[in-house]
Every structure is written in C-alpha cells, then in structure tokens.
Amino acid sequence: MQMQTFKYDNKIVKYFLYATIFWAIMAFTFGVLVATLKFFPELPDYIFGSDDGSIRSLFGGGIEGLAATNGKMGFGRLRMIHTTFAVFAFVGNGFFLGAYYSMQRLLKTRMGSDLMSWIHFWGWQLFIALSLVSFLYGFNTSKEYAEHEWPLDILIAVVWIIFGANMLKTIYKRRVRHLYVAIWFYLGTWTAVAMLHIFNNLEIPISWSLAAPKSYSLYAGVQDALVQWWYGHNAVAFVLTTPILGLMYYFVPKAANRPVFSYKLSIIHFWSLIFVYIWAGPHHLLYTSLPAWVQAVGTGFSIMLLAPSWGGMLNGLLTLRGAWDRVREEPVLKFFVVAITCYGMATFEGPMLATKTLNKIGHFTDWVPAHVHVGTLGWNGFMIFGMIYWLAPKLFNTKLASNKLANAHFWIATLGILFWVIPMYVAGWTQGLMWQQFNEDGTLKYGNFLQTVTILKDWLYPMRAFGGALYLTGGVLLVINVWRTIRKGSYIPNEEAEAPALVKISSARKKGEGAHTWLERMPTLLTILSFVAVAIGGAVEIIPTIVVKSNVPTIASVTPYTPLELEGRDLFIREGCNACHTQMIRPFRDEVKRYGEYSKPGEYVYDHPFLWGSQRSGPDLHREGGKNPDAWHYKHMWDPRDTSPGSIMPRYPWLIFNKLDRSKTDIKMKTMVKLGVPYQEEDFDSITPSMNKQALAIEQSIFEADSKLKERYEKEAKEKGDNFVPLRDREIVALISYLQRLGTDISTEQTETTTIIGTGK
Amino acid sequence: MLNYFKEAFTDYEHAQTLQTISLLLFVAFFLALIYFIWKRPKEYYKSESELPLDDDQN
C-alpha cells in the first residue's frame with residue numbers, strides 16, 4: 001500500500017497548551033479572590049477606600065474611591081468571571097489542547113484546516129477576554145455559566161461551529177478507517193454544546209449597541225428556569241464531562257501504555273451517557289415552582305446516570321490494571337488516578353443530591369459548589385494537569401524537567417482540594433440544617449438569617465480560601481515545570497509522520513459489516529445520531545413545559561413591573577445580586593416561616609430572565625417587598641454591616657452616587673412587549689411621570705425616616721448647584737422600588753380569592 | 001410549527017400513549033445498544049482499542 005507523508009500541526013497544540021496554563025492560573029486566582037470576599041467583604045474598601053475610620057485603604061482614598069469602581073470588584077461580577085475562566089477558559093482550552101493533539105494522531109492526518117484552527121484559537125481567547133471586560137463592567141444576562149451578553153453568545157456560536165467544521169474536515173481526510181471512541185466523545189460534545197448554547201441563549205437585544213449590550217431572555221420565569229438548568233446541568237455534562245472523558249480514553253491508555261480496559265464498555269458509556277445526561281437538568285429545581293412531573297423525570301434520570309458514569313470510571317481505573325506499580329513513580333498516572341476517582345465521587349454525589357431528601361438540605365447551600373469543585377478541579381483539573389505533564393515533554397522532545405516538582409504539585413493540589421472541599425461540605429450541612437431548626441414553641445431557632453452565615457465565615461470560609469490558595473500554588477509549580485521543560489527541549493512546529501493512504505470504499509454498508517462498525521466510519525451519521533440522542537431528553541421536558549399553558553397557571557393579580565422597577569431589576573442583574581440571593585421560596589415549613597408564602601409559578605410570568613438564583617449566601621428575596629423600610633435598604637446598600645452586623649455583603653456606594661440612566665427605559669419596555677409582556681399604550685405615554693412619582697415617594701419615605709440624611713442632601717444641593725442629582729433620580733431608588741415590589745403581587749390573604757385563569761386549553 | 005403539535009401534548013387523552021411510547025423508546029434504545037455491541041467480532045474491539053497506542057512514533 002502506498003505510504004503517504006504528512007505533518008502534524010504542533011504549533012496549534014502548543015498555543016492551546018499555553019492558553020490552558022495561562023487561564024488555569026487566572027481561574028484559580030479569581031477563585032481565591034471570590035473565596036476571600038466571602039469572609040472578608042471589606043477587601044474592596046481596603047483597596048479603594050472607605051468612610052469607615054477603622055479602615056485604612058491602600059491608596060488612602062475615601063468612599064468616593066470605592067464608588068468610582070462602579071462595582072468592578074463586586075462579588076456577583078467576580079464570581080461569573082471565575083466560573084467563565086474555570087469552565088470555558090481553563091477546561092475549555094484544556095479540552096482543545098487534548099483534542100487537537102489526539103485527533104491528528106488518531107486519524108493520522110493534519111487538522112482539516114490550519115486557518116480554521118487559528119480562527120478557533122484566537123476566537124476562543126477573544127471570547128474569554130471580552131467576557132472578562134464585559135462582566136467587570138456589569139454587562140451580563142444573569143443566567144449562570146451563560147452570563148455572556150448577546151454579542152459574545154454569537155461569537156461563541158461562530159467559533160464553536162468553526163471548531164466543529166474543522167473536526168469534521170479532519171475526520172473526512174483521515175487515514176484510519178474507524179473513529180476511536182475518544183473522537184465520538186469530541187463529536188458528541190460538539191453537538192450537544194451547540195444545541196444547549198443556542199437554545200439557552202435565545203434572547204432579544206434591546207438595541208444593537210455593542211458598547212453596552214443588553215438583552216432579555218426569550219423565556220420567562222419557570223420556563224426560563226427550566227431551559228437554564230437544562231443548559232446549566234448539561235454544561236457540566238458536555239463541557240466538563242464528555243470532552244474530558246474523550247481525553248481520558250486517549251491519554252490514560254497512552255500514559256499507561258496499554259489499551260483501555262474494555263472497549264465494549266466505552267461504547268456503552270458513550271451512548272448511555274449522552275442519552276441519559278440531558279434529562280437530568282430539572283434536579284436543579286426540586287421543590288421549586290417547576291411542574292412536579294418534570295422534577296420527577298429529572299430525579300429519575302439523575303439516579304440512572306450513576307450506571308454509565310461508574311461504568312466509565314471503572315473503565316478508566318481498570319485501564320491501569322497491571323500498571324499500578326508505575327502509579328507510584330509516575331506523576332502523570334497519579335494525577336489520572338485521582339482525577340478518575342474524583343469523577344467517581346462527583347458522579348455518585350450528583351445522583352444523591354438529586355434525590356429530594358438530600359436536595360432539601362443541600363440545595364442553596366455550599367454543598368452544591370463543593371460538589372462542582374470536586375468535578376471541575378478534582379476531575380477536570382487533575383486530568384488536564386496529568387495530560388500537560390505527559391504532553392509537554394512529547395511536544396518539546398525532551399523529558400519533564402522535574403518529576404519531583406510534579407509530585408509536589410500533585411500533593412499540594414490534592415491537599416488543596418481537601419482543604420476547600422471539606423469546609424464547604426461542613427458549611428453546606430451546617431447552614432442547610434440550621435435553616436430547618438425550630439424551637440419548641442414553633443419559632444425558628446435561627447430566625448435571623450445572618451446567624452447561619454456568620455457561623456461559616458469564622459473558620460470554614462477562610463479554610464476554603466486557604467485550600468484554593470494551595471491549589472493555585474500547585475498551578476504555579478506547573479508553570480515553572482513546564483517552562484523549564486520547554487527551555488531544555490526543542491520543538492518542531494510541523495512534525496513529520498507517515499501512514500498508508502486510506503482506500504476509498506463505498507459509504508454503503510458492506511456485506512457482513514456490523515451496523516455500528518459501519519456507523520463509525522460514517523462520521524456525519526454518527527454526529528446526527530448523537531444529536532438525536534441528546535435532543536430527545538430535552539424535547540420531552542422542554543416542549544411540553546413551554547407549550548402546555550396549564551403548567552404555569554396565570555394569576556390575575558400579577559402585573560408587569562413598573563418602568564422604575566424594571567430599571568431596578570436590571571441593576572439587580574448588573575450587580576449579579578442573584579449570585580447570593582435566591583428568589584424562590586420552597587414549600588417547606590421553615591422557609592414559609594422565614595420568608596413568607598411559598599413561590600408560585602404564576603408569579604414569574606413577566607420575569608425575563610428568571611432570577612431564582614442557586615445559592616443563599618444571603619437570604620431569599622422573593623417576599624422582600626414591604627419587609628424593610630426604604631431607608632433600611634438605602635443604608636443597607638451604603639454599608640450592609642451598618643444595618644446587619646457581621647454581614648458578608650459588599651458595599652454598593654456607587655448605586656447611591658450614580659444617576660439612573662433612563663434613556664433606555666422606553667426600548668426596554670418595547671422589547672418586553674415583543675416578549676409578550678402586556679405593557680399598554682398608556683404605560684408608554686406615562687413612563688416619565690410614573691417613574692418620577694414612584695421615585696419621589698421612595699425619596700420622601702427615606703427622608704422621613706432619616707432627617708439627617710435629608711439635611712445632608714439639601715447641603716449637597718446647595719454646594720453642587722446645577723450639578724446636583726436629587727436622590728430620587730439616582731440608581732438606588734430604582735433598586736429599592738424593585739426590591740419593594742418583590743413578591744407583593746400576591747399576599748396570603750389575596751391568594752385565596754385570586755381567580756386562576758387559564759384551564760389548560 | 002410547534003402549535004401544530006400542541007394539541008397532541010396538551011390533550012390529556014394522549015398523555016398515556018405518549019408515556020408508553022417514551023418508555024418503549026427508552027428501553028429500545030438500550031436493547032439496540034446491547035445488540036450492536038454483542039454482534040461485533042472480537043478482533044474489532046482489539047484493533048479499535050489499540051488505536052491510541054500505535055498512532056505515532058514518538
């Protein structure tokens with residue numbers, strides 16, 4: 001047979017290697033930063049300035065310094081930067097690194113198109129860099145792991161499609177008949193992420209402005225929540241699991257120098273995993289206003305997921321059979337063993353957390369992030385570290401600079417995981433159980449929500465940040481080791497290889513050829529079938545929830561937000577308040593006692609997007625309306641520790657200084673009308689008077705409660721003259737109007753007399 | 001387009017049929033998977049699983 005020579009593209013692999021390492025350090029650094037803010041909320045004050053005499057800020061500035069940041073160091077914004085860095089930048093680039101290396105070699109060809117490879121590389125880095133900038137400036141859609149505004153969503157989609165086209169092009173010019181299972185995982189990942197990304201990010205921009213992008217989700221309330229967590233859960237499945245499994249099926253056999261334990265099992269693993277995973281999303285919404293049947297389906301399928309996940313884990317671990325002696329010396333294998341073990345732990349824990357019993361305790365607490373961190377940093381992180389330690393020497397034709405250093409990284413990072421995971425588990429259980437405690441007289445034992453937070457910040461949160469710092473230290477050792485390896489090695493951008501040409505055969509199924517064997521040489525069909533496998537679960541849950549009206553009974557007394565409240569809601573989104581505050585009261589005795597009447601699906605029909613949140617570092621806000629006076633909210637935003645001693649909430653002085661931008665209220669409402677929110681002609685005519693009236697009432701109520709504040713504003717008015725912005729025109733007032741509106745559409749008395757319209761037809 | 005199928009979903013009479021079909025499809029999926037896996041020759045698995053190991057010279 002004729003031998004052909006060709007060249008592997010090592011340059012793109014090298015670039016993805018650098019990107020992976022760079023973003024790893026960034027993700028870990030931001031992780032440590034947000035973990036620190038959880039027990040040291042005054043950190044921004046110490047850096048930028050404060051009016052508190054006991055705080056000496058770095059630059060000696062006053063509160064104006066902090067206000068001038070406009071929230072760039074707010075927890076809500078930094079958290080989404082951290083998650084984007086960890087999920088898309090670190091793990092994303094790590095997947096591309098492994099995929100670009102392994103695909104060329106598994107298919108014995110260069111990547112389909114160099115141009116597409118480079119567009120993919122730079123497009124992806126651009127997306128991450130722009131995410132950083134846009135999140136810092138408060139442009140986000142609030143939907144977890146999909147906070148990117150519409151221009152970035154388009155960029156992601158385009159880059160992703162180019163990546164897929166490049167993969168398929170590579171596959172078509174391959175010199176190997178069959179596709180190895182790792183490549184199925186890559187293709188499955190590509191199909192599923194494309195579907196999830198597009199459907200979850202369907203949104204209408206209020207304008208085409210790229211400088212200040214703003215959009216509203218196509219779905220509202222319950223439906224938005226379902227689509228979001230169908231996406232959110234499957235981002236875990238198809239960004240953090242299937243691509244890494246593809247890497248596992250290639251790099252573990254490589255490093256152990258023996259074939260995978262059972263190839264049969266890997267096929268079962270692939271198909272059952274992608275088929276079952278997609279159904280499990282609703283377990284993020286147990287006990288919420290989501291229709292019960294969807295919740296039940298989510299739980300059922302989550303438990304079923306245990307089977308394929310553990311099948312895959314065992315397949316990975318057993319690949320090392322007969323090589324265990326090498327695990328002791330070889331840092332690469334050590335990383336792989338812990339990674340696969342973490343995969344097993346996380347996929348055992350996931351189904352457990354998806355049961356209603358444990359979900360009741362764990363949901364909204366630190367238990368969930370603990371679980372995610374085992375997955376992302378234990379399973380994905382260690383898999384990627386192991387891969388880098390194996391791949392970097394190969395790429396630079398040398399040996400790893402220091403096995404000792406790699407071993408040190410391994411131990412420090414393992415300890416780091418323990419140091420943050422254990423405190424997070426304990427914090428989760430502590431908080432979850434404290435919420436539920438009652439006194440004998442029927443009152444809540446910890447009636448003040450703060451008690452369940454202050455107990456966590458003394459030891460558990462600092463320990464967690466320390467664990468993160470250890471993990472980051474490990475990352476620094478990786479940088480040093482890889483850098484030293486590169487220095488002593490030499491790298492060939494285009495590595496020569498040769499393989500026999502692939503004889504063209506008909507795409508028709510040969511006589512006596514097994515159906516799946518045939519399927520594997522038909523990449524397009526394989527991709528389509530994986531799409532069908534992932535689409536079924538989504539379709540069964542989502543289509544009925546969206547088209548069946550009776551799933552979300554309409555409540556007559558629920559009306560759209562007023563213009564001022566709508567602006568306040570957008571401020572809530574801008575600051576990322578939903579990172580710590582939920583808006584979903586579950587139907588439990590303790591929650592109803594603590595927050596008020598449990599949340600009804602019909603209350604969210606105008607919520608584009610939904611803001612249920614996923615964690616309670618602060619109390620639920622769904623019945624916040626009317627609970628505290630306007631002046632309390634004013635003071636609370638100025639300094640949360642003034643009204644709530646020991647609070648871990650950041651300060652928001654810029655909300656009090658900034659003038660509310662009303663220029664877009666009109667188009668925001670028009671966009672809402674397009675989405676089905678029934679604003680009437682007269683609502684548009686009266687935008688300004690309505691806003692003025694509502695704002696004035698809030699200003700008056702604040703001044704009535706605090707006459708000193710009134711004097712201060714009057715003084716400021718005299719000093720500033722024409723430049724003075726009255727309190728009623730500032731952002732804080734819009735935010736207060738929104739907070740005071742929350743959950744007031746129905747009250748317990750009213751609910752009984754409310755007519756429920758819509759009977760299911 | 002969705003509206004066209006809406007009746008089939010919203011109608012409670014169809015609910016049972018839909019559920020039964022879903023269950024059968026679900027079971028069929030795994031039966032088909034197992035069937036395909038069993039039917040394939042041993043050598044296939046051997047050669048496939050060795051793909052990563054003989055893929056390059058370095």
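Thr20(A) lies in helix 1 (residues 10-37) of chain A, where helices (H or I, at least four residues) and strands (E, at least two) are DSSP runs, numbered from the N terminus. Thr20(A) is buried, having 23 other C-beta atoms within 10 Å. The model is predicted: local features need pLDDT of at least 70, side-chain atom pairs count only at pLDDT 80 or more, and totals for chains, interfaces and linings use all residues. Residues are numbered from 1 along each chain as its sequence is written, while chains are lettered from A and ligands numbered from 1 in the order in which they are written.

**Individual residues of chain A**

- A residue is termed buried if 20 or more other C-beta atoms lie within 10 Å of its own, exposed if 12 or fewer, and partly exposed in between, with C-beta atoms placed from the backbone.
- Leaving aside residues up to four places away in sequence, Thr20(A) touches Phe90(A), Asn93(A), Gly94(A), Leu97(A) and Ile384(A); contact requires C-beta atoms, placed from the backbone, to lie within 7 Å.
- Between Thr20(A) and Tyr8(A) there are 20 Å in space, C-alpha to C-alpha, at a separation of twelve residues in sequence.
- Arg105(A) belongs to helix 4 (residues 75-107) of chain A and counts as buried, with 21 C-beta neighbours inside 10 Å.
- Arg105(A) and Pro629(A) stand 66 Å apart in space, C-alpha to C-alpha, and 524 residues apart in sequence.

- Helix 16 (residues 367-395) and helix 17 (residues 403-436) of chain A pack at an angle of about 170 degrees, and their axes are 8 Å apart. The two helices of chain A are therefore roughly antiparallel.
- Axes are lines fitted to C-alpha atoms, for helices over the stretch in contact, and angles run from 0 to 180 degrees between N-to-C directions; angles under 35 degrees count as roughly parallel, over 145 as roughly antiparallel, 65 to 115 as roughly perpendicular and the rest as oblique.
- In this contact, residues of helix 16 of chain A including Trp367(A), His373(A), Phe385(A) and Tyr389(A) meet residues of helix 17 of chain A, among them His409(A), Trp420(A), Met424(A) and Trp429(A).
- The contact of helix 16 with helix 17 of chain A comprises 14 nonpolar, five polar and no charged residues. Ala, Val, Leu, Ile, Met, Phe, Trp, Tyr, Cys and Pro count as nonpolar, Asp, Glu, Lys and Arg as charged, and the others, Gly among them, as polar.
- Helix 7 (residues 181-200) of chain A is largely enclosed by the rest of the structure, because 16 of its 20 residues are buried.
- In helix 24 (residues 630-638) of chain A, the buried residues are Asp630(A), His633(A), Tyr634(A), Lys635(A), His636(A) and Met637(A). Their cover includes helix 25 (640-643), helix 26 (653-657), helix 29 (687-705) and helix 31 (731-741) of chain A.

**Domains of chain A**

- Chain A is assigned domain 1 (3-39 + 74-502 + 519-543) and domain 2 (561-757), with bounds from an automatic or database domain assignment.
- The centres of domain 1 and domain 2 of chain A, taken over C-alpha atoms, are separated by 36 Å. Domain 1 of chain A gives 39 residues to the contact and domain 2 of chain A gives 44 residues.
- On the side of domain 1 of chain A that touches domain 2 of chain A, helix 4 of chain A supplies the largest share, five residues.

**Chain B**

- Chain B has three helices and zero strands, and 7% of its 58 residues count as buried.

Conventions. Two residues are in contact if their C-beta atoms, placed from the backbone, lie within 7 Å.
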